[in-house]
Amino acid sequence: QSGRFTYDPGFTSTASCESKITYIDGDEGVLLHRGYPIEQLSEQSSFMEVAYLLLRGELPTPDEHDDFVRTISRHTMVHEQLAMFYRGFRRDAHPMAIMCGVVGALSAFYHDSTDINDPAQRLIASHRLIAKMPTIAAMAYKYAVGQPFLYPDNSLSYTGNFLRMTFGVPAEQYEVNPVVEKALDRIFILHADHEQNASTSTVRLAGSSGANPFACMAAGIACLWGPAHGGANEAALNMLREIGRPERIPEFIARAKDKNDPFRLMGFGHRVYKNYDPRATVMQKTVREVLSALGVDDPVFEVALRLEELALSDDYFAEKKLFPNVDFYSGIILSAIGFPTTMFTVLFALARTVGWVAQWNEMIEDPEQKIGRPRQLYTGATTRDYIPLDKR
Ligand code: SDX
């Protein structure tokens, strides 16, 4: 066509990468971390053990596990000056906006001591990021609700520490509920890594320029926030609450099928899974466990189950291979635990930090690594001469 360059399909994109960390078979609904099925890890492992596995490639021995947990716990506090960053935000700032700002600000504290070409310094930066995310996330929640920040208590587990920093108050002793702790730890496992999704690719692309890992994680957080990605867990619960009762489901399914309506069923569909997201299966089971253990009877869960049943029996969703994904049920559990919807993607970012850090390390360690440069197909104007303003 006039004005178009001819397109030479001969080039190979620099946008793909090799990795040993996570394998997904979208057609079969398979998700493996270093070869271990997500169903087994979410039932039998812990988030700290999965973090070790993603980073080091093997399950830890008991001593390796305890040493890793001890190392992470040594980095859970943040610099006192970092707390000042929160005071610059309005109290009603979205916690993901705070996470973008505060995690990026970590660069100012550790940039000079993080030579990414030094494996020892890379490891310390990795431990700092994994350790500080729960503290920063809990502080974002505390700031929003006007309660004082709590320091970490390293006698607790990684997830128990986060729960206490989030829901504890100085005036009272906080008891970690073991059912909640286990459910949240499992949710963190389900969100830990997922191959080259948009936010992980963002972290890799930012890291490929040699940027410090703290700034790279802030880039990943920004990308994760989008409702098409990690922001879907917040959007999914808001959608389920808007539907309100099973009788209104057909109205929303009709909207999702209407090409003239931008509405999509939040928590449904996936770039890769054209079968059931194995994480959604575990998540649905966990909803039942948590709601019954906490004695919570949330009508939204019935709406979610009925919506899934009606959507999966509808030809539109069958033809387009749209199934519930990791974000469809997670919000029901997080809401039952006491998190506001605005914190859901913050928890996703907290968990995904171990995947981002593992993928960032894998990329930096690759001696063949070059700066990322995704190719484009140019469809603009061909060369033409400038026309002076008085001639136009
Ligand atoms: C995550 O990549 C990852 O791994 C991400 C993630 C991770 O762990 O990092 O798994 C986390 O981001 C999960 C996805 C969360 N997002 C949502 O739940 C938002 C709702 N879902 C959609 O926006 C959508 O399904 C996407 C963004 C997830 C995928 O979008 P695509 O790639 O455009 O979907 P597709 O190409 O498979 O769509 C095929 C068709 C399209 O219609 P046609 O153009 O063929 O007519 O299905 C339609 C889409 O319009 N479609 C939907 C739909 N999702 C896709 N229609 C209604 N509701 C939906 N949810």
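**View 1. Aspartate 118 in the loop between α5 (95-110) and α6 (119-145).** Helices are DSSP runs of H or I of at least four residues, and strands are runs of E of at least two, numbered from the N terminus. The model is predicted: local features need pLDDT of at least 70, side-chain atom pairs count only at pLDDT 80 or more, and totals for chains, interfaces and linings use all residues. Residues are numbered from 1 along each chain as its sequence is written, and side-chain values use heavy atoms, with hydrogens and water left out. Aspartate 118 has a relative accessible area of 25% and is therefore partly exposed (buried is under 20%, exposed over 50%, partly exposed in between; 1.4 Å probe, protein chains only).

**View 2. Aspartate 118 and valine 287.** These residues lie 169 residues apart along the chain, and 43 Å separates their C-alpha atoms.

**View 3. Residues 328-351, given as "transmembrane region" in an unreviewed UniProt entry.** UniProt positions follow the numbering used here, feature names are shortened, and annotations may be inferred rather than shown by experiment. The chain here is 75% helix and 0% strand. The end C-alpha atoms of the segment are 17 Å apart.

**View 4. The protein around these sites, with 17 helices and 3 strands.** Along the principal axes, the C-alpha atoms fill a box of roughly 75 × 60 × 50 Å. Of the 392 residues, 49% count as buried. Among contacts (heavy atoms within 4.5 Å) between residues at least 6 apart in sequence, 75% join residues at least 24 apart.
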